[in-house]
Amino acid sequence: MSSTPAVLEATDVWAGYGGPPVLAGVDLTLRPGEAVGLLGRSGVGKSTLVEILGGGQRPTQGHVTFDGAPVAKTPRRRRKDVRARLRTVHQNGIAGVDVQRTVEETILDAFKEARKAGRTTDNDVEAALAVVALPIRFVTRRVGTLSGGERQRVAIARALATRPDLLLLDEPLTAVEQTLREEVADEIRALVRKDGIGLLVASHDLRLLERLTEHVLVLAEGTIVESGPLRSVLQDPQHPDTRALVEALPDVAAGRPPR
Ligand SMILES: Nc1ncnc2c1ncn2[C@@H]1O[C@H](COP(=O)(O)OP(=O)(O)OP(=O)(O)O)[C@@H](O)[C@H]1O
């Protein structure tokens, strides 16, 4: 990896919910424009880590910085600015969106919010929706009437519409059918590459990580147990959890192109 300064850095992050710690000393560095997968078995703490990285949850110990400033202590006056530059899309899609708003209003709100934070944006709702393969006819639909997969796609469109510096995706596209998932993943990948947007994707879906990222971190037993170029990790997984995830997908393990 290069020596470019980190855009996001987690140092000795611990977290838990009263029982044994879920995260027990996670260190992680993301550099501008990198596309990194956070791989791990179900329940290992991926969502917890993503929440902490995005500033939505405080670690019990350790800290996270975004552009050198602690995310958990962003002063009120800077929150809009950070929110415009560091976006999280939660596992269940559209958290924080009014289900009564239409899809168009939801995307336009994102543009407005970004402009308030001093970012220049276009106002192209159709282009924002095209990234997630949603046709323009969806603009008049209220978010509350969308299917789970459509909501996930609107949430991603909203987050990408204003070109953040870094996008954190927690199990994206889980509710989207496989073929469409691949198409949308490829669109997202093309856009983040074109615009140099950093990407962290938490998932146990190796096929998705193959399409979206080139580097992978494996979370197990509360820490990052393995890290490297996705291809190398897939071809020679070291940790038993990584092996289990890879072996579940023989064609991925064999290096065949994703279907
Ligand atoms: N609010 C909470 N209260 C108590 N326990 C929680 C809470 N949130 C998460 N946990 C527990 O913390 C652990 C890590 O959960 P987390 O959702 O971060 O894992 P994950 O890797 O994202 O899982 P999945 O892949 O299934 O979404 C799990 O054992 C979960 O049951």
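How many bridges join strand 7 to strand 8, and in which sense do the two strands run? There are 5 bridges, and the strands run parallel.

A word on the model before that. What you see above is predicted. The mean pLDDT of the protein chain is 89, with 93% of its residues at 70 or more. For the complex, the predictor gives an ipTM of 0.97 and a pTM of 0.92.

Back to strand 7, residues 166-170. Strand 8 covers residues 198-203, and in it glycine 198 is the bridge partner of leucine 166. Strand 7 also pairs with strand 6, residues 86-89, again in the parallel sense, over 4 bridges. Here arginine 87 has leucine 167 of strand 7 as its bridge partner.

How many residues of strand 7 are buried? The count is 5 of its 5 residues. Leu166, Leu168 and Asp170 point one way from the strand, while Leu167 and Leu169 point the other way. Both sets are buried, the aspartate included.

Next, the loops on either side of this strand. Most residues other than glycine have a negative phi. Arginine 163 has a positive phi of about 50 degrees, and it is not a glycine. Its place is the loop between helix 5, residues 148-161, and strand 7. Is arginine 163 buried or exposed? Arginine 163 counts as buried because 21 other C-beta atoms lie within 10 Å, and the cut-off is 20 or more.

Leucine 173 sits in the loop between strand 7 and helix 6, residues 178-195. With 27 other C-beta atoms within 10 Å, leucine 173 is buried as well.

Threonine 65 has proline 70 of strand 5 as its bridge partner.

On to helix 9, residues 240-247. Which of its residues are buried? They are Asp241, Thr242 and Leu245. These residues lie on the same side of helix 9, because they cover an arc of only 100 degrees around the axis. Pro240, Ala244 and Glu247, on the other side, are exposed. The cover over the buried residues includes strand 3 (35-39), helix 7 (206-212), strand 9 (215-220), strand 10 (223-229) and helix 8 (230-235).

Last, the ligand. Which residues surround the ligand? Tyr17 and Val22 are among them. By class, the shell divides into 3 nonpolar, 7 polar and 2 charged residues.

To sum up strand 7: it pairs with strand 6 in the parallel sense, it runs parallel to strand 8, and its 5 residues are buried. That is what I have for today.

Note on methods. Residues are numbered from 1 along each chain as its sequence is written. This is a predicted model: local features need pLDDT of at least 70, side-chain atom pairs count only at pLDDT 80 or more; totals for chains, interfaces and linings use all residues. A residue is buried if 20 or more other C-beta atoms lie within 10 Å of its own, exposed if 12 or fewer, and partly exposed in between; C-beta atoms are placed from the backbone. The arc is that of the directions from the helix axis to the C-beta atoms. Two residues are in contact if their C-beta atoms, placed from the backbone, lie within 7 Å. A residue is near a molecule or strand if its C-beta atom, placed from the backbone, lies within 6 Å of it. Ala, Val, Leu, Ile, Met, Phe, Trp, Tyr, Cys and Pro count as nonpolar, Asp, Glu, Lys and Arg as charged, and the others, Gly among them, as polar. pLDDT is the predictor's confidence in each residue, from 0 to 100. Two strands pair if DSSP finds at least two bridges between them.
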